[in-house]
Amino acid sequence: MQYPTVAIVILNYNGLHYLQQFLGLVVNSSYPNKRVIVADNASTDNSVQWLQQNHPHVERIILPTNYGFARGYNEALKQVNADYYILLNSDVEVPAGWIEPVIELMQADENIAACQPKILSYHHKHLFEYAGAAGGWIDSLGYPFSRGRVFDDCEEDKGQYDSIAPIFWASGAAFFVRSEVYNTLKGFDAFFFAHQEEIDLCWRMQLAGYKIMACPQSVVYHVGGGTLPKGERKAFLNFRNNLVMVYKNWTLAEKIWKLPLRMLLDIVSALQAAMKGDMPFCKGVCKAEITFMRWLVLHKKDRQTSATKSHQLTGVYHGSVVWEYFIKKKKTFTEIVLRSR
(Lines give C-alpha, C1' and ligand atoms only; values in the text may rest on other atoms or scores of the structure.)
Protein backbone atom coordinates (compact mmCIF):
# COMPACT_ATOMS: atom_id res chain seq x y z
CA MET A 1 0.00 0.00 0.00
CA GLN A 2 1.17 3.50 -0.83
CA TYR A 3 0.86 5.88 2.07
CA PRO A 4 -0.78 9.19 1.17
CA THR A 5 -0.04 12.15 3.39
CA VAL A 6 -2.26 12.40 6.47
CA ALA A 7 -2.53 15.41 8.77
CA ILE A 8 -3.99 14.68 12.21
CA VAL A 9 -5.31 18.02 13.40
CA ILE A 10 -6.43 18.41 17.02
CA LEU A 11 -8.38 21.58 17.73
CA ASN A 12 -7.67 22.55 21.32
CA TYR A 13 -9.41 24.98 23.62
CA ASN A 14 -8.29 24.76 27.26
CA GLY A 15 -7.82 21.03 26.89
CA LEU A 16 -4.41 20.76 28.55
CA HIS A 17 -5.43 17.76 30.67
CA TYR A 18 -6.57 15.87 27.56
CA LEU A 19 -3.39 16.71 25.66
CA GLN A 20 -1.37 15.43 28.59
CA GLN A 21 -3.40 12.22 28.65
CA PHE A 22 -3.85 11.39 24.96
CA LEU A 23 -1.47 13.32 22.68
CA GLY A 24 1.41 10.90 23.20
CA LEU A 25 -0.73 8.05 21.85
CA VAL A 26 -1.56 10.08 18.75
CA VAL A 27 2.12 10.83 18.18
CA ASN A 28 2.88 7.10 18.48
CA SER A 29 0.32 6.09 15.83
CA SER A 30 1.91 3.57 13.48
CA TYR A 31 0.87 5.26 10.20
CA PRO A 32 4.18 6.20 8.57
CA ASN A 33 3.27 9.29 6.50
CA LYS A 34 1.57 11.46 9.10
CA ARG A 35 1.82 14.89 10.62
CA VAL A 36 0.43 15.73 14.04
CA ILE A 37 -0.80 19.30 14.45
CA VAL A 38 -2.43 21.01 17.40
CA ALA A 39 -4.50 24.05 16.42
CA ASP A 40 -5.06 26.15 19.51
CA ASN A 41 -8.23 28.23 19.81
CA ALA A 42 -6.73 30.92 22.07
CA SER A 43 -6.48 28.70 25.15
CA THR A 44 -5.79 30.26 28.54
CA ASP A 45 -4.64 27.10 30.36
CA ASN A 46 -0.96 26.96 29.29
CA SER A 47 -1.68 24.36 26.58
CA VAL A 48 0.70 26.02 24.12
CA GLN A 49 3.53 26.31 26.62
CA TRP A 50 3.11 22.67 27.62
CA LEU A 51 3.26 21.61 23.97
CA GLN A 52 6.44 23.56 23.39
CA GLN A 53 8.11 21.96 26.39
CA ASN A 54 6.84 18.38 26.08
CA HIS A 55 6.12 17.82 22.37
CA PRO A 56 8.35 20.25 20.47
CA HIS A 57 8.04 18.17 17.27
CA VAL A 58 4.25 18.46 17.20
CA GLU A 59 3.29 21.28 14.86
CA ARG A 60 1.31 24.17 16.32
CA ILE A 61 -1.17 26.56 14.76
CA ILE A 62 -2.07 29.44 17.06
CA LEU A 63 -5.46 31.02 16.38
CA PRO A 64 -6.00 34.57 17.70
CA THR A 65 -9.41 33.92 19.29
CA ASN A 66 -11.76 31.05 20.12
CA TYR A 67 -13.44 30.50 16.78
CA GLY A 68 -15.33 27.41 17.95
CA PHE A 69 -15.16 24.01 16.26
CA ALA A 70 -16.42 24.96 12.82
CA ARG A 71 -14.50 28.13 12.00
CA GLY A 72 -11.57 27.00 14.13
CA TYR A 73 -10.96 24.03 11.85
CA ASN A 74 -11.63 26.08 8.72
CA GLU A 75 -8.99 28.63 9.73
CA ALA A 76 -6.48 26.01 10.83
CA LEU A 77 -6.81 23.82 7.75
CA LYS A 78 -6.05 26.76 5.47
CA GLN A 79 -2.50 26.31 6.75
CA VAL A 80 -2.33 22.51 6.29
CA ASN A 81 -1.36 20.68 3.11
CA ALA A 82 -2.09 16.91 3.05
CA ASP A 83 -4.03 14.35 1.05
CA TYR A 84 -6.26 13.58 4.03
CA TYR A 85 -7.21 15.48 7.14
CA ILE A 86 -8.08 13.65 10.34
CA LEU A 87 -9.98 15.99 12.62
CA LEU A 88 -9.50 14.47 16.05
CA ASN A 89 -10.96 15.60 19.35
CA SER A 90 -8.40 16.08 22.09
CA ASP A 91 -10.33 13.68 24.38
CA VAL A 92 -9.90 10.58 22.19
CA GLU A 93 -7.71 7.60 23.01
CA VAL A 94 -6.29 5.93 19.91
CA PRO A 95 -4.52 2.57 19.47
CA ALA A 96 -1.39 2.42 17.36
CA GLY A 97 -2.99 1.13 14.15
CA TRP A 98 -6.17 3.18 14.05
CA ILE A 99 -5.39 5.12 10.86
CA GLU A 100 -4.44 2.42 8.35
CA PRO A 101 -7.83 0.65 7.92
CA VAL A 102 -9.66 3.90 7.20
CA ILE A 103 -7.11 5.26 4.73
CA GLU A 104 -6.98 1.89 2.95
CA LEU A 105 -10.77 1.96 2.57
CA MET A 106 -10.79 5.53 1.27
CA GLN A 107 -7.91 4.87 -1.12
CA ALA A 108 -9.86 1.98 -2.64
CA ASP A 109 -12.79 4.23 -3.58
CA GLU A 110 -12.19 7.83 -4.63
CA ASN A 111 -15.89 8.64 -4.16
CA ILE A 112 -15.57 8.24 -0.38
CA ALA A 113 -15.24 11.79 0.89
CA ALA A 114 -15.39 11.17 4.65
CA CYS A 115 -15.18 8.25 7.02
CA GLN A 116 -15.20 7.49 10.72
CA PRO A 117 -13.89 4.65 12.90
CA LYS A 118 -16.01 2.82 15.44
CA ILE A 119 -16.24 5.09 18.47
CA LEU A 120 -16.56 3.47 21.89
CA SER A 121 -16.80 5.08 25.31
CA TYR A 122 -13.48 5.73 27.03
CA HIS A 123 -15.00 5.18 30.47
CA HIS A 124 -17.15 2.18 29.48
CA LYS A 125 -15.25 0.49 26.69
CA HIS A 126 -17.98 -2.09 26.07
CA LEU A 127 -20.44 0.67 25.11
CA PHE A 128 -20.75 2.80 22.00
CA GLU A 129 -20.05 6.48 22.58
CA TYR A 130 -22.65 9.17 22.00
CA ALA A 131 -20.75 11.16 19.38
CA GLY A 132 -21.10 8.95 16.33
CA ALA A 133 -20.96 5.38 17.70
CA ALA A 134 -20.66 3.12 14.60
CA GLY A 135 -21.78 5.72 12.08
CA GLY A 136 -24.34 8.49 11.84
CA TRP A 137 -27.84 8.36 10.37
CA ILE A 138 -30.66 10.89 10.14
CA ASP A 139 -34.44 10.55 10.05
CA SER A 140 -36.96 12.14 7.71
CA LEU A 141 -37.38 15.18 9.98
CA GLY A 142 -33.66 15.83 10.39
CA TYR A 143 -33.04 14.24 13.81
CA PRO A 144 -29.58 12.62 13.90
CA PHE A 145 -28.87 9.25 15.51
CA SER A 146 -26.28 6.52 15.05
CA ARG A 147 -25.68 2.86 14.60
CA GLY A 148 -25.33 2.08 18.30
CA ARG A 149 -26.82 5.28 19.75
CA VAL A 150 -30.36 6.63 19.65
CA PHE A 151 -30.90 9.87 21.59
CA ASP A 152 -29.26 9.17 24.99
CA ASP A 153 -29.31 5.36 24.75
CA CYS A 154 -25.90 3.92 23.89
CA GLU A 155 -25.82 0.21 23.04
CA GLU A 156 -23.31 -2.39 24.13
CA ASP A 157 -20.85 -3.26 21.38
CA LYS A 158 -21.44 -6.92 20.57
CA GLY A 159 -20.06 -6.74 17.05
CA GLN A 160 -23.50 -5.98 15.62
CA TYR A 161 -22.16 -3.05 13.58
CA ASP A 162 -18.78 -4.45 12.60
CA SER A 163 -19.44 -4.26 8.87
CA ILE A 164 -18.11 -1.47 6.68
CA ALA A 165 -21.21 0.48 5.72
CA PRO A 166 -22.38 3.67 4.01
CA ILE A 167 -23.74 6.19 6.51
CA PHE A 168 -25.25 9.66 6.42
CA TRP A 169 -22.68 11.45 8.56
CA ALA A 170 -19.28 10.77 10.10
CA SER A 171 -18.51 11.93 13.63
CA GLY A 172 -16.49 15.08 14.17
CA ALA A 173 -14.77 13.36 17.09
CA ALA A 174 -12.62 11.36 14.64
CA PHE A 175 -13.39 12.70 11.19
CA PHE A 176 -11.36 11.40 8.23
CA VAL A 177 -11.86 13.57 5.14
CA ARG A 178 -10.29 14.09 1.73
CA SER A 179 -8.69 17.51 1.84
CA GLU A 180 -9.66 18.26 -1.77
CA VAL A 181 -13.35 17.67 -1.07
CA TYR A 182 -13.25 19.58 2.22
CA ASN A 183 -11.72 22.60 0.53
CA THR A 184 -13.92 22.43 -2.58
CA LEU A 185 -17.05 22.51 -0.40
CA LYS A 186 -15.51 25.29 1.75
CA GLY A 187 -15.38 23.17 4.88
CA PHE A 188 -17.70 23.60 7.81
CA ASP A 189 -20.37 26.27 8.02
CA ALA A 190 -18.72 28.76 10.40
CA PHE A 191 -22.13 30.03 11.58
CA PHE A 192 -22.61 26.75 13.47
CA PHE A 193 -19.72 27.50 15.89
CA ALA A 194 -20.03 23.98 17.35
CA HIS A 195 -22.37 20.96 17.05
CA GLN A 196 -23.71 19.29 13.89
CA GLU A 197 -21.40 21.11 11.48
CA GLU A 198 -20.02 17.72 10.43
CA ILE A 199 -23.54 16.47 9.66
CA ASP A 200 -24.17 19.52 7.49
CA LEU A 201 -20.88 18.99 5.65
CA CYS A 202 -21.57 15.29 5.09
CA TRP A 203 -25.04 16.16 3.77
CA ARG A 204 -23.48 18.60 1.30
CA MET A 205 -20.93 15.96 0.33
CA GLN A 206 -23.69 13.49 -0.46
CA LEU A 207 -25.57 16.09 -2.50
CA ALA A 208 -22.33 16.58 -4.44
CA GLY A 209 -22.22 12.86 -5.23
CA TYR A 210 -19.79 11.57 -2.60
CA LYS A 211 -20.07 8.70 -0.12
CA ILE A 212 -19.72 8.78 3.67
CA MET A 213 -18.58 5.52 5.28
CA ALA A 214 -18.09 3.83 8.64
CA CYS A 215 -14.97 1.69 9.05
CA PRO A 216 -15.33 -0.38 12.26
CA GLN A 217 -11.99 -2.10 11.66
CA SER A 218 -10.61 1.02 13.28
CA VAL A 219 -11.67 1.64 16.89
CA VAL A 220 -11.11 4.70 19.07
CA TYR A 221 -12.29 5.60 22.58
CA HIS A 222 -13.94 8.96 23.24
CA VAL A 223 -14.36 10.62 26.62
CA GLY A 224 -17.13 12.88 25.32
CA GLY A 225 -18.76 15.99 26.75
CA GLY A 226 -15.41 17.50 27.58
CA THR A 227 -15.76 20.73 25.63
CA LEU A 228 -19.33 21.79 26.26
CA PRO A 229 -21.33 20.21 29.11
CA LYS A 230 -25.09 19.73 29.03
CA GLY A 231 -27.10 22.88 29.62
CA GLU A 232 -28.66 25.89 27.94
CA ARG A 233 -25.74 26.62 25.59
CA LYS A 234 -25.46 23.04 24.34
CA ALA A 235 -29.23 22.74 23.77
CA PHE A 236 -29.25 26.09 21.98
CA LEU A 237 -26.45 25.13 19.57
CA ASN A 238 -27.86 21.67 18.87
CA PHE A 239 -31.39 22.82 18.09
CA ARG A 240 -30.44 26.03 16.25
CA ASN A 241 -27.81 24.35 14.10
CA ASN A 242 -30.09 21.44 13.27
CA LEU A 243 -32.82 23.80 12.02
CA VAL A 244 -30.31 25.77 9.96
CA MET A 245 -28.91 22.54 8.53
CA VAL A 246 -32.22 21.06 7.42
CA TYR A 247 -33.34 24.38 5.93
CA LYS A 248 -30.14 24.62 3.89
CA ASN A 249 -30.28 21.05 2.60
CA TRP A 250 -33.94 20.10 2.27
CA THR A 251 -35.69 20.61 -1.05
CA LEU A 252 -38.32 23.33 -1.26
CA ALA A 253 -41.10 20.73 -1.15
CA GLU A 254 -39.63 19.20 2.01
CA LYS A 255 -39.27 22.55 3.73
CA ILE A 256 -42.89 23.50 3.13
CA TRP A 257 -44.32 20.63 5.20
CA LYS A 258 -41.42 19.39 7.30
CA LEU A 259 -40.19 22.64 8.81
CA PRO A 260 -43.40 23.59 10.68
CA LEU A 261 -43.66 20.04 12.05
CA ARG A 262 -40.02 20.08 13.15
CA MET A 263 -40.39 23.38 14.97
CA LEU A 264 -43.56 22.14 16.66
CA LEU A 265 -41.76 19.00 17.88
CA ASP A 266 -38.91 21.15 19.19
CA ILE A 267 -41.34 23.26 21.21
CA VAL A 268 -42.94 20.09 22.60
CA SER A 269 -39.45 18.95 23.65
CA ALA A 270 -38.89 22.28 25.41
CA LEU A 271 -42.23 22.06 27.24
CA GLN A 272 -41.49 18.52 28.38
CA ALA A 273 -38.14 19.68 29.74
CA ALA A 274 -39.84 22.51 31.60
CA MET A 275 -42.34 20.11 33.15
CA LYS A 276 -39.40 18.02 34.40
CA GLY A 277 -37.75 21.10 35.88
CA ASP A 278 -34.97 21.30 33.28
CA MET A 279 -35.26 25.01 32.60
CA PRO A 280 -31.78 25.45 31.04
CA PHE A 281 -32.71 22.95 28.30
CA CYS A 282 -36.09 24.62 27.80
CA LYS A 283 -34.53 28.07 27.52
CA GLY A 284 -31.89 26.79 25.10
CA VAL A 285 -34.49 25.30 22.75
CA CYS A 286 -36.72 28.39 22.82
CA LYS A 287 -33.74 30.63 22.15
CA ALA A 288 -32.75 28.35 19.26
CA GLU A 289 -36.19 28.68 17.62
CA ILE A 290 -36.10 32.48 17.85
CA THR A 291 -32.51 32.68 16.59
CA PHE A 292 -33.32 30.40 13.66
CA MET A 293 -36.20 32.63 12.56
CA ARG A 294 -33.88 35.65 12.80
CA TRP A 295 -31.32 33.74 10.69
CA LEU A 296 -33.95 33.19 7.99
CA VAL A 297 -34.36 36.95 7.69
CA LEU A 298 -30.76 38.10 8.06
CA HIS A 299 -28.78 35.42 6.20
CA LYS A 300 -30.52 35.21 2.85
CA LYS A 301 -27.46 34.13 0.89
CA ASP A 302 -26.64 31.39 3.43
CA ARG A 303 -30.11 29.88 3.43
CA GLN A 304 -30.35 29.09 -0.26
CA THR A 305 -30.74 25.34 -0.50
CA SER A 306 -28.45 23.29 -2.70
CA ALA A 307 -30.78 20.30 -2.73
CA THR A 308 -32.92 19.39 -5.68
CA LYS A 309 -33.67 15.83 -4.56
CA SER A 310 -32.96 13.72 -1.50
CA HIS A 311 -34.02 10.18 -2.35
CA GLN A 312 -30.48 9.09 -3.27
CA LEU A 313 -29.02 9.94 0.11
CA THR A 314 -27.74 7.02 2.16
CA GLY A 315 -28.16 6.66 5.91
CA VAL A 316 -31.67 8.17 5.96
CA TYR A 317 -34.46 6.56 7.98
CA HIS A 318 -37.65 7.44 6.14
CA GLY A 319 -39.73 7.61 9.27
CA SER A 320 -39.66 9.41 12.61
CA VAL A 321 -37.04 8.33 15.12
CA VAL A 322 -38.88 10.49 17.68
CA TRP A 323 -42.04 8.40 17.20
CA GLU A 324 -40.19 5.08 17.30
CA TYR A 325 -38.13 5.98 20.37
CA PHE A 326 -40.50 7.96 22.57
CA ILE A 327 -43.88 6.51 21.59
CA LYS A 328 -43.11 2.93 20.49
CA LYS A 329 -40.23 2.63 23.02
CA LYS A 330 -37.70 1.24 20.55
CA LYS A 331 -34.29 2.04 21.97
CA THR A 332 -31.77 0.61 19.49
CA PHE A 333 -30.79 1.30 15.90
CA THR A 334 -31.55 -2.30 14.97
CA GLU A 335 -35.08 -2.13 16.36
CA ILE A 336 -35.84 1.15 14.64
CA VAL A 337 -34.15 0.82 11.26
CA LEU A 338 -33.47 -2.82 10.49
CA ARG A 339 -36.61 -4.38 11.96
CA SER A 340 -38.90 -1.73 10.53
CA ARG A 341 -38.09 -2.63 6.94
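**Notes on the predicted model: strands, cysteines, salt bridges and a surface patch**

1. Let's start with strand S7 (residues 136-139): Gly-136 and Ile-138 point one way, Trp-137 and Asp-139 point the other, and all are buried. Buried here means under 20% relative accessible area, exposed means over 50%, and partly exposed is in between (1.4 Å probe, protein chains only). Strands (E, at least two residues) and helices (H or I, at least four) are DSSP runs, numbered from the N terminus. In a regular strand the side chains alternate between the two faces of the sheet.

2. A word on ground rules. This is a predicted model, in which local features need pLDDT of at least 70 and side-chain atom pairs count only at pLDDT 80 or more, while totals for chains, interfaces and linings use all residues. Residues are numbered from 1 along each chain as its sequence is written, and side-chain values use heavy atoms, with hydrogens and water left out.

3. What does S7 pair with? S7 runs antiparallel to strand S8 (residues 144-146), with 3 bridges; for strands to count as paired, DSSP has to find at least two bridges between them. Trp-137 has Phe-145 in S8 as its bridge partner. The two strands make a hairpin with 4 residues between them, and Gly-142 in the turn has a positive phi of about 90°. S7 also pairs with strand S14 (residues 316-317), this time in the parallel sense over 2 bridges, and there Ile-138 stands opposite Val-316.

4. Strand S6 (residues 112-121) is worth a look too: 10 of its 10 residues are buried. S6 pairs in the parallel sense with strand S13 (residues 211-222) over 9 bridges, with Lys-118 opposite Val-219. Strand S12 (residues 174-178) runs antiparallel to S6, joined by 2 bridges, and Cys-115 has Phe-176 in S12 as its bridge partner.

5. If you are wondering about disulfides, the count is 0, taking a disulfide as a pair of cysteine sulfur atoms within 2.5 Å. For Cys-115, the nearest cysteine sulfur is that of Cys-215, 5.1 Å away. For Cys-202, the nearest is that of Cys-115, at 10 Å. Cys-115 is buried at 0% relative accessibility, and Cys-202 is buried with a relative accessible area of 0%.

6. There are 14 salt bridges, each a side-chain nitrogen of Lys or Arg within 4 Å of a carboxyl oxygen of Asp or Glu. Glu-75 has one with Arg-71 (3.3 Å, N to O); both sit in helix H3 (residues 68-77), 4 residues apart, about one turn of the helix. Glu-75 also forms a salt bridge with Lys-78, the closest N and O atoms being 3.4 Å apart. Arg-71 is partly exposed at 35%, whereas Lys-78 is exposed at 63%.

7. Asp-200 and Lys-248 form another salt bridge (3.1 Å, N to O). This pair links distant parts of the chain, with Asp-200 in helix H6 (residues 197-207) and Lys-248 in helix H7, 48 residues apart. As for H7 (residues 232-249), 15 of its 18 residues are buried.

8. Finally, the surface: Leu-252, Ile-256, Trp-257, Leu-261, Leu-264 and Val-268 form a nonpolar patch with about 610 Å² of accessible area together. Patches take residues with over 30% relative accessible area and no salt bridge, joining like charges within 9 Å and nonpolar side chains (Val, Leu, Ile, Met, Phe, Trp, Tyr) within 5 Å; areas come from the Shrake-Rupley method with a 1.4 Å probe, and for residues only the protein chains shown count as cover. Val-268 lies in helix H8 (residues 252-275) and is partly exposed at 36%.
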